[in-house]
Amino acid sequence: MNDTANQPASRSRRRLKGPKVCHCCSKEVPFCWSCRCGFLICQECMNENVWGMSCNGITWQCPDCGGQNGFGNQ
Ligand SMILES: [Zn+2]
Ligand SMILES: [Zn+2]
């Protein structure tokens, strides 16, 4: 008797959104900081620009709309 049942179907992880593209370096990255206006910046660019975008390390200012966005509060 061949019992080939109970083979787990290959699970495909569905992403709700496609890869994010950093507005600074135009790279596709798995994670971007995002602003309500749609501006995206990757962690790498954030690290390079944090001195100009954040004055307190808690919030960063969007260069597009000037809005304040919190770190770790996506
Ligand atoms: Zn970037
Ligand atoms: Zn913005």
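Colleague: Leaving aside neighbours within four places in sequence, which residues is Cys 35 in contact with?

Modeller: Cys 35 is in contact with Cys 62, Asp 64, Cys 65, Gly 67 and Asn 69. Two residues are in contact if their C-beta atoms, placed from the backbone, lie within 7 Å. This is a predicted model, in which local features need pLDDT of at least 70, side-chain atom pairs count only at pLDDT 80 or more, and totals for chains, interfaces and linings use all residues. Residues are numbered from 1 along each chain as its sequence is written, while chains are lettered from A and ligands numbered from 1 in the order in which they are written.

Colleague: Where is Cys 35 placed, and is Cys 35 buried or exposed?

Modeller: Cys 35 sits in the loop between β3 and β4. Cys 35 counts as buried because 20 C-beta neighbours lie inside 10 Å. A residue is buried if 20 or more other C-beta atoms lie within 10 Å of its own, exposed if 12 or fewer, and partly exposed in between, with C-beta atoms placed from the backbone.

Colleague: What separates the C-alpha atoms of Cys 35 and Gln 68?

Modeller: The separation is 8.2 Å, although Cys 35 and Gln 68 are 33 residues apart along the chain.

Colleague: Which elements does the chain have, and in what order?

Modeller: The chain has one helix and six strands, running β-β-β-β-α-β-β from the N terminus. Helices (H or I, at least four residues) and strands (E, at least two) are DSSP runs, numbered from the N terminus.

Colleague: What is the confidence of the chain?

Modeller: The average pLDDT is 85, and 74% of the residues score at least 70. pLDDT is the predictor's confidence in each residue, from 0 to 100. Where pLDDT is low, the predicted coordinates should not be read in detail.

Colleague: Now the core. Which residues make up the largest nonpolar core?

Modeller: Six residues do: Cys 22, Cys 32, Trp 33, Ile 41, Cys 42 and Trp 60. At least two residues of this core come from each of β3 (32-34) and β4 (40-42). A nonpolar core is a set of buried Ala, Val, Leu, Ile, Met, Phe, Trp, Tyr and Cys residues joined through C-beta atoms within 7 Å.

Colleague: Why does Cys 22 count as buried?

Modeller: Cys 22 counts as buried because it has 20 C-beta neighbours inside 10 Å. Cys 22 lies in the loop between β1 (20-21) and β2 (28-29). Beyond four places in sequence, its contacts include Cys 32, Ile 41, Cys 42 and Cys 45.

Colleague: And which residues does Trp 60 touch, not counting those up to four places away in sequence?

Modeller: Trp 60 touches Trp 33, Val 50, Met 53, Ser 54, Asn 69 and Phe 71.

Colleague: What about Ser 26: where is its place?

Modeller: Ser 26 belongs to the loop between β1 and β2. With 8 C-beta neighbours inside 10 Å, Ser 26 counts as exposed. The phi of Ser 26 is near 65 degrees, a positive value in a residue other than glycine.

Colleague: Is Ile 58 buried or exposed?

Modeller: Ile 58 is exposed, with 11 other C-beta atoms within 10 Å. Ile 58 is found in the loop between α1 (43-53) and β5 (59-61). Not counting residues up to four places away in sequence, Ile 58 touches Gly 70 and Phe 71.
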